[in-house]
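Hi,

Here is the structure I promised you. Have a look at it first, and my notes follow below.

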Amino acid sequence: MTSLKTLIVDDEEIIRKGLRSLLSNDPQIDVVGEAGDGERAFEMIAQTKYDLVFMDINMPFLNGLGCIDKLREIGENPLVIIVSGYDDFNYAKQAISLGVFDYILKPVMEETLVEVVEKAKKELLNRKKSHSYLTWAKSQLEKNRDFLIEDFMRNLLKQCYDDIEIKSRIECLNLPEYTELSFFLLRFSFSENSAFSLADWNENLVFYAAKELAYRVFVDYPHIISFQISDFDMGIICRALSAAEQALLSDVLKSELEKCIPVHMRILCGNAAGYESLADLYDGLKERLADSVPVPALVLDALAYMNTRYTDNLFSLQDAADFLHITPQHLSRLFKSALGETFVEHLTMLRLHKALELLKRSDARIYEIAEQAGYSSQHYFCTSFKRALHISPQEYRRLFFKGGKNQ
């Protein structure tokens, strides 16, 4: 530990000299100041950061306890040890309420002083460690703030938090505390004709560019929050706007994004009564987007082809892309944008539906059902089944199929 800047406050010079002499035996204690009254002590501590203060109680102008009280009011919090001739419970009680570290009675015995100083040094070391950790934690929070906000917003839309936790996280992340807000839901889609651009653009780059453009468009609306929701959805939150403002901003944002990024945009907006109501608004806007969007012909062709091949355990995204003469990446983007689920998620759903049908209508063994539904192994089938339905195929059969074989 570095030397501790120490102040001695007592109206008796002989006491100050005695304390200084005793403390000089400790190389970690550096007595850099003395004061003969509470007013002078207050001025000195307000101007200079002291680690340790030895304070008398009965002094002219301002007593020791009054000085400590004034220091707490201005946020100064050195470690204070009272050195007093008053063996009075009321003084001790008041000192404790002010956060005084210890209380020594005069005359001060060297053994007592050494013991108290050692405890004080340990406390100051813990304070410094705690302060260093707090400083580090704050720097990490600021460094990762964008990521933490995005993670919070995504989980908020999934209704992962109660109202108390929402409020706590808003305060921690220093987000604007909107009692009413507007939420813009943006959905990106790569058109079939924009495949040539994918060598230069990916989702990360698209969302980064979209966020930057959003800040420009919303320049007159400070404190907006923009974040990626999923592979093709983005959200923007700002203070509550009128319907006319929402329409104007949506048009300008769509125009700017489509001009600068190789995507097509759909934007819907609505108002919510604070963050607590945001998930319901998001679900409603998402449904409206899904209902209003025609499925591209390529995706319809992919679905039709998938329906003829899904029971083949070797069938994959690559096979469907080869059939349609496009890249797997392009088909994946079209699929997720149009249906809100990945190719693999839809393929898994088809296979699970086939398995459910076989479990209810057939007495085939589990490994046979796995093979007929398009799974490469019984283990993979059972794992996928339980992950999706939270029940094993055997348990499902016992519940819904009478007369099946025990597997």
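The charged end of Lys 70 sits over the ring of Phe 42, 4.2 Å from the ring's centre (the criterion: NZ of Lys or CZ of Arg within 6 Å of the ring centre and within 35 degrees of the ring normal). Bear in mind that this is a predicted model, where local features need pLDDT of at least 70, side-chain atom pairs count only at pLDDT 80 or more, and totals for chains, interfaces and linings use all residues. Residues are numbered from 1 along each chain as its sequence is written, and side-chain values use heavy atoms, leaving out hydrogens and water.

On to the sheet: five strands make an open one, ordered 2-1-3-4-5 with parallel pairing (strands are DSSP E runs of at least two residues, helices H or I runs of at least four, numbered from the N terminus; two strands pair if DSSP finds at least two bridges between them). Its edges are strand 2 (29-35) and strand 5 (102-105). Strand 4 (residues 79-84) is joined to strand 5 by four bridges, and Val 83 stands opposite Ile 104 in strand 5.

Now the aromatics. The whole structure has 15 aromatic pairs (ring centres of Phe, Tyr or Trp, the latter by its six-membered ring, within 6.5 Å; planes under 30 degrees apart are stacked, over 60 edge-to-face, the rest tilted). One of them, Phe 183 with Phe 227, is stacked, at 6.4 Å centre to centre and 25° between the planes. Phe 183 is in strand 6 (residues 181-189) and Phe 227 in strand 7 (residues 225-228), 44 residues apart. Ring pairs also link Tyr 305, Phe 315, Phe 323, Phe 335 and Phe 343 into a cluster.

Cheers
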